[in-house]
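Below are some short notes for a colleague who is new to this structure.

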Amino acid sequence: MAEQEYFKSALSDFTYEAASGGAIRHLTDLGYTVKQICEQLSFPTPYARVQKTVWQHLLATGVILIQEPGSGKGGQEGKAEYAVERDQYGRTSFRRVSAAQEKEETICWKERTFEADGTVSGRKLAVYLSEKCKENDGEAYISCRFGKLIREDTVEWERTMNRLNERQREYLAGLPWEERICYHRLDGRMQEIAVKLYAAGSLREQCYFKKTEERVLLR
C-alpha cells in the first residue's frame with residue numbers, strides 16, 4: 001500500500017513537473033509574481049502549488065535563505081526530487097533523490113548602523129543600498145519578518161501592504177512566507193520595497209553585505 005501511494009505521489013509530481021514545473025521556475029527567474037505566473041500557465045495548476053514551486057525555487061537558487069547569511073548553516077533545506085528510470089522492457093519507475101546542498105561559509109560580521117532622518121530618508125537609503133549592492137557584486141540580503149507578521153499581527157501586515165504599490169504587494173503577498181525570519185536577496189525589487197517601507201517608518205531590518213562582511217541595522 002505504501003509503495004502504491006509512493007508511486008502515485010511520484011507520478012503526480014512527474015506529471016506536474018512536465019506540465020508546469022519548468023515554466024514556473026523560468027517565469028520566476030524572469031521576475032513574475034505568483035499571480036502573474038498563474039495567469040501565464042496553459043495547464044491548470046492550483047495557486048497553492050504554484051506558490052510552493054516558486055518558494056522552493058527561490059530557496060534552491062539562494063534568492064531566499066531560511067538561515068542567517070554567513071551563519072555557516074546553509075540557506076536551504078533538503079529538497080526531494082524524482083529521477084525517471086526505465087528497465088530493459090521499457091517499464092517506467094521513479095526513484096527519489098535528494099538535491100545536493102552547499103555548505104555556506106561562516107562570516108564574522110562587522111556591525112554597522114544606517115540611520116537617516118527627515119523626508120529624504122528613503123532617497124538616502126536607495127542610494128546607500130544601490131552602492132553597497134554594487135560593491136558586493138549583488139551578494140547582499142535583507143532580513144524579512146513577513147511570515148511572522150502575517151500570523152502574529154494582521155493589522156500591521158495590512159498596514160505594511162498598504163504602504164506599497166500594487167506590484168510590490170502582489171510579489172510579497174504571493175510568497176508563502178514561513179513563520180520565521182527569512183532573508184531575501186537585495187535585488188532591485190527588494191531594494192524598492194525596503195526603501196518604501198523605510199521611508200514610511202515601518203522597516204526595522206538588517207542588511208547583510210557578504211563581500212565586505214558588513215551587517216547593517218536599518219534604524
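**Notes on charged pairs and a helix contact**

1. Arginine 159 has a relative accessible area of 37% and is therefore partly exposed. The model is a predicted one. Arginine 159 forms a salt bridge with glutamate 156, at 2.4 Å from N to O. Both residues belong to helix α6 (residues 154-162), where they sit three residues apart, about one turn of the helix.

2. Across the whole structure, a search finds 15 salt bridges.

3. Another salt bridge pairs glutamate 111 with arginine 215, whose closest N and O atoms are 2.2 Å apart. Glutamate 111 is in strand β4 (residues 110-114) and arginine 215 in strand β8 (residues 214-218), so the pair ties together parts 104 residues apart in sequence. Glutamate 111 is partly exposed, at 46% relative accessible area, whereas arginine 215 is buried, at 16%.

4. Arginine 145 and glutamate 205 also meet through their side chains in a salt bridge (3.1 Å, N to O). The arginine lies in the loop between β5 (140-144) and α5 (146-152), and the glutamate in the loop between α8 and β7 (206-209), so this pair ties together parts 60 residues apart in sequence. Arginine 145 is partly exposed, with 36% relative accessibility; glutamate 205 is buried, with a relative accessible area of 8%.

5. Helices α7 (residues 166-174) and α8 (residues 188-199) pack at about 110°, and their axes are 11 Å apart. The two helices are therefore roughly perpendicular to each other. The residues of this contact divide into four nonpolar, one polar and four charged. Among those that meet are Tyr171 and Leu172 in α7, and Met190 and Ile193 in α8.

How values were computed
Residues numbered from 1 in each chain as written. Predicted model: local features only at pLDDT ≥ 70, side-chain atom pairs only at ≥ 80, totals over all residues. Heavy atoms only, no water. Axes fitted to C-alpha atoms, helices over the stretch in contact; angles between N-to-C directions. Helix = DSSP H or I, 4+ residues; strand = E, 2+ residues; numbered from the N terminus. Parallel < 35°, antiparallel > 145°, perpendicular 65-115°, else oblique. Contact = heavy atoms within 4.5 Å. Nonpolar A, V, L, I, M, F, W, Y, C, P; charged D, E, K, R; others polar. Salt bridge = Lys/Arg side-chain N within 4 Å of Asp/Glu carboxyl O. Buried < 20%, exposed > 50% of the residue type's maximum accessible area, 1.4 Å probe, protein only.
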